[in-house]
Amino acid sequence: MSKKVRWITETAVMLALLVTLQALTKPAGQLVTGSCVNAVLAVSVLLAGLGSGITVAVLSPVLAYLLGVAPQLVTVPAIMVGNTVLVVLLYFIAGDCASVGKRVAAWLVAAIAKFATLYLLVVKLICGVMAPSLLASGTLKEPMLKMLPTMFSLPQLITALIGGGVAMLMIPVLRKALHK
């Protein structure tokens, strides 16, 4: 199988898994769905490579919005950036490294960076600086403006840590099974 066909196949499988998990876990709430999404993001980048990880990271919030999982369209670009920060840091810090210590360090740094990115973009920028114009235009309603800071603060760190932890446990097993 050519590298291009393999990449397309692996990325498509990760996207299919992502959509399935988003749809199935939606009733369980942010903690479960977010953790599953972060696990798929980490597995995508650490098994299929940076291109696959970024593709899944960018498409994830679009698919979540279409499934009714993402809270507001205005947050989709911020989630794209946060997800991309997570996968890029995982890739460049851990890469295909078999070292447990390096993978754990990558997981922790990437989770904290994703949390910080989403906090700054959603809580400080969207719900802070941009709030008056978003409210005036009707893009954002007052109840959502009050809910977004809660959703995009500590829960983002928790779901990134849980999802990354699950992925870190899965990666060695999956690499062995796939002979990577």
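This is a predicted model: local features need pLDDT of at least 70, side-chain atom pairs count only at pLDDT 80 or more; totals for chains, interfaces and linings use all residues.
Q: What describes two packed helices?
A: Two packed helices are described by the angle between their axes and by the distance between those axes. In this structure, helix H3 (residues 50-67) and helix H4 (residues 76-93) pack at an angle of about 155°, and their axes lie 9 Å apart.

Q: Are H3 and H4 roughly parallel or roughly antiparallel to each other?
A: Angles over 145 degrees count as roughly antiparallel. H3 and H4 are therefore roughly antiparallel to each other. Their crossing is right-handed.

Q: Which residues of H3 and H4 meet?
A: On the H3 side, the residues are Leu-50, Gly-53, Ile-54, Ala-57, Val-58, Ser-60, Pro-61, Val-62 and Tyr-65. On the H4 side, they are Val-76, Ile-79, Met-80, Asn-83, Thr-84, Val-87, Val-88, Tyr-91 and Phe-92. By class, this contact of H3 with H4 comprises 14 nonpolar and 4 polar residues, and no charged ones.

Q: At what angle do H1 and H3 pack?
A: For H1 and H3 the angle is about 30°, with the axes 10 Å apart. Angles under 35 degrees count as roughly parallel, so H1 is roughly parallel to H3. H1 passes H3 in a right-handed crossing.

Q: Which residues make the contact of H1 and H3?
A: H1 contributes Trp-7, Thr-11, Met-14, Leu-15, Leu-18, Val-19, Gln-22 and Ala-23. H3 contributes Gly-51, Ser-52, Thr-55, Val-56, Leu-59, Ser-60, Leu-63, Ala-64 and Leu-67. The contact of H1 with H3 has 11 nonpolar residues, 6 polar residues and no charged residues.

Q: What shows where empty space is left?
A: Rolling a probe the size of a water molecule over the atoms shows where empty space is left. In this model, the largest pocket has a volume of about 380 Å³. Its lining consists of 23 residues, and Gln-30, Thr-33, Gly-34, Val-69 and Gln-156 lie nearest the centre of the pocket.

Q: Which helices supply at least two residues of the lining of the largest pocket, and what is the class make-up of that lining?
A: Helix H2 (30-48), H3, H4, helix H5 (100-129) and helix H8 (154-178) each supply at least two residues. The largest share, 5 residues, comes from H2. By class, the lining of the largest pocket has 10 nonpolar, 11 polar and 2 charged residues.

Q: What is the volume of the second largest pocket, and which residues lie nearest its centre?
A: The second largest pocket has a volume of about 260 Å³. Of the 18 residues that line the second largest pocket, Val-13, Met-14, Val-43, Leu-47 and Leu-174 lie nearest its centre. Helix H1 (3-25), H2 and H8 each supply at least two residues of this lining, and H2 gives the most, with 7 residues. The lining of the second largest pocket has 14 nonpolar, 1 polar and 3 charged residues.

Q: Which residues line the largest cavity?
A: The count comes to 1 cavity of 30 Å³ or more. The largest cavity has a volume of about 30 Å³. Asn-38, Ala-42, Leu-86, Leu-90, Trp-107, Ala-110, Ala-160 and Gly-164 line the largest cavity. H2, H4, H5 and H8 are the elements that give two or more residues to this lining. By class, the lining of the largest cavity has 6 nonpolar residues, 2 polar residues and no charged residues.

Note on methods:
Residues are numbered from 1 along each chain as its sequence is written. Side-chain values use heavy atoms; hydrogens and water are left out. Axes are lines fitted to C-alpha atoms, for helices over the stretch in contact, and angles run from 0 to 180 degrees between N-to-C directions. Helices (H or I, at least four residues) and strands (E, at least two) are DSSP runs, numbered from the N terminus. Angles under 35 degrees count as roughly parallel, over 145 as roughly antiparallel, 65 to 115 as roughly perpendicular and the rest as oblique. A crossing is left-handed if the near helix is turned anticlockwise from the far one by less than a right angle, and right-handed if clockwise. Contact means heavy atoms within 4.5 Å. Ala, Val, Leu, Ile, Met, Phe, Trp, Tyr, Cys and Pro count as nonpolar, Asp, Glu, Lys and Arg as charged, and the others, Gly among them, as polar. On a 1 Å grid over the protein atoms alone, a cavity is a set of points where a 1.4 Å probe fits but cannot get out, and a pocket is an open set with protein on both sides within 12 Å along at least five of seven lines; lining residues have an atom within 4 Å of a point. Grid points are joined across faces, edges and corners, and a volume is the space filled by probe spheres set on the points.
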